Amino acid sequence: MPAHAPAPARPRPRPRRGTPQRTAEQTALLSQIEQVAQGLAATFAPFCEVVVHDLLDPKHSILAIHNNLSGRMVGDPTTEMGLTRIADPDYPQVVANYANQFADGRPAKSTSVGIKDVSGHYIAALCLNVDLTLFRSLQSVVGQFTATDGDTGLKESLDPAGAEAIRQRIDQFAARLSSAPRALKAAERRALLRELKASGSLEVRRAMEVVAQHLGVSRATVYGDVK
């Protein structure tokens with residue numbers, strides 16, 4: 001072939017037989033859902049499978065599948081929930097955290113979000129399937145690690161006596177101001193310290209240190225506020 005001859009054009013893939021016609025709105029919605037799916041998949045990889053279903057084509061509904069945990073493929077049919085949404089526009093749009101199971105028996109937690117077009121009919125679904133196997137193993141390991149022997153008859157605390165009561169008073173004071181302990185302003189901290197002093201809370205061993213830690217300030221700041 002001469003060097004200047006144009007390369008032969010690649011044949012375009014033919015659409016699936018029976019692929020439904022979509023409005024511009026429906027096409028745009030499906031495109032945006034795919035972008036959302038990519039973002040979710042990247043955030044929760046590798047434990048969460050994210051699937052986009054095109055409910056306008058239920059026999060080949062899977063448009064995209066990220067972090068594939070179920071072994072399904074693009075072009076596979078929709079689920080029973082998808083068929084129910086197609087038949088019933090009043091079916092809940094969000095079904096969250098329901099128990100599910102992969103084909104090989106692994107337990108999963110799933111959430112399905114149905115997407116409607118302007119006419120109120122379901123055209124798509126965004127589904128998240130979390131593999132619980134690893135998390136349950138971690139839960140078992142952490143439970144074993146944090147377990148203590150309750151039969152020794154020994155009870156000990158490394159926290160100064162009364163420290164928790166001081167923290168509770170600080171939390172209550174901040175709540176009255178619709179704030180958080182670490183968000184209190186200087187004038188509010190001084191008012192708090194006056195209350196703690198009047199209640200005798202500052203007589204507790206290491207009270208100033210407890211207050212400083214809970215407020216997220218230095219002990220020098222607390223000593224300055226209490227004057």
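E164 is partly exposed, with a relative accessible area of 42%, whereas R167 is buried at 18%, where buried denotes under 20% relative accessible area, exposed over 50% and partly exposed the range in between, for a 1.4 Å probe and protein chains only. The side chains of E164 and R167 meet in a salt bridge with an N to O distance of 3.2 Å, a salt bridge being a side-chain nitrogen of Lys or Arg within 4 Å of a carboxyl oxygen of Asp or Glu. Because E164 and R167 are three residues apart in helix α4 (residues 163–176), about one helical turn separates them. An α-helix has 3.6 residues a turn, so residues three or four places apart point the same way. The model is a predicted one, in which local features need pLDDT of at least 70 and side-chain atom pairs count only at pLDDT 80 or more, while totals for chains, interfaces and linings use all residues. Residues are numbered from 1 along each chain as its sequence is written, and side-chain values use heavy atoms, with hydrogens and water left out.

A search of the whole structure finds eight salt bridges. In one of them, R72 pairs with E49, the closest N and O atoms being 2.9 Å apart; this pair links distant parts of the chain, with R72 in the loop between β2 and α2 and E49 in strand β1, 23 residues apart. R72 is partly exposed at 21% relative accessible area, whereas E49 is buried at 0%. A further salt bridge joins the side chains of R176 and E195 at 2.7 Å, N to O, and connects helix α4, which holds R176, to helix α5, which holds E195, across 19 residues. Here R176 is exposed, with a relative accessible area of 55%, and E195 is partly exposed at 38%. D104, R106 and D131 are linked in a network of salt bridges.

The protein chain contains seven helices and five strands, assigned as DSSP runs numbered from the N terminus, with helices (H or I) of at least four residues and strands (E) of at least two. Of the 227 residues in the protein chain, buried ones make up 30%.

Helix α1 has 21 residues and reaches 31 Å from its first C-alpha to its last, close to the 30 Å expected at 1.5 Å a residue, the expected span being 1.5 Å times one less than the number of residues. Within α1, Q26, L30, I33, E34, A37 and A41 are buried. These residues lie on the same side of α1 because they cover an arc of only 110° around the axis, the arc being that of the directions from the helix axis to the C-beta atoms. The buried residues of α1 pack against β1, β2, β4 (107–116) and β5 (122–131), with contact taken as heavy atoms within 4.5 Å. On the face turned away from the buried side, α1 carries the exposed residues A24, Q32, A42 and T43.

Some backbone features lie in loops. A cis peptide bond with omega of about 0° joins A45 and P46, and P46 lies in the loop between α1 (24–44) and β1 (48–54). N67, in the loop between β2 (62–66) and α2 (80–87), has a phi near 50°, a positive value in a residue other than glycine. Most residues other than glycine have a negative phi, and most peptide bonds are trans.
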